[in-house]
Amino acid sequence: MWTVVATICFMGMALSPEKPLCFQQCRVPMEFKTEASCILVRDQLVKDLNTDLNARNINMSLYCAKLKETTGASYEQIKS
């Protein structure tokens, strides 16, 4: 099983004006049977969110990661 994982960075926040405030390894609550289906959804998310995120000065990086068989909550990063 595969999932989409994101790193979301808020640029120019008052709390940290010199460096972005980032949240790492944010998991999209969906699971996919194949890497190809995960990539398709990842690419569609990028298209759907790009304009809104740019307008709000937010950067987001998405990648697909393979879920480990032992637990549904953990995953290992697979770069694609």
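I started with Asp43, which forms a salt bridge with Arg42, the closest N and O atoms being 3.0 Å apart. My cut-off for a salt bridge is a side-chain nitrogen of Lys or Arg within 4 Å of a carboxyl oxygen of Asp or Glu. Arg42 counts as buried at 15% relative accessibility, while Asp43 is partly exposed at 33%. I call a residue buried under 20% relative accessible area, exposed over 50% and partly exposed in between (1.4 Å probe, protein chains only).

A note on the source: this is a predicted model, where local features need pLDDT of at least 70, side-chain atom pairs count only at pLDDT 80 or more, and totals for chains, interfaces and linings use all residues. Residues are numbered from 1 along each chain as its sequence is written, and side-chain values use heavy atoms, with hydrogens and water left out.

How many salt bridges does this rule give? I get three. Glu31 and Arg27 meet at 2.9 Å, N to O; Glu31 is partly exposed at 41%, and Arg27 is partly exposed at 32%. Arg56 and Asp52 pair at 3.9 Å, N to O, with Arg56 exposed at 57% and Asp52 partly exposed at 42%.

I find eight residues in it, among them Trp2, Phe32, Cys38 and Leu62. Leu62 also touches Arg42, as well as Val4 and Leu45 among others, leaving out residues up to four places away in sequence; contact here means heavy atoms within 4.5 Å.

Key. A nonpolar core is a set of buried Ala, Val, Leu, Ile, Met, Phe, Trp, Tyr and Cys residues joined through side-chain atoms within 4.5 Å.
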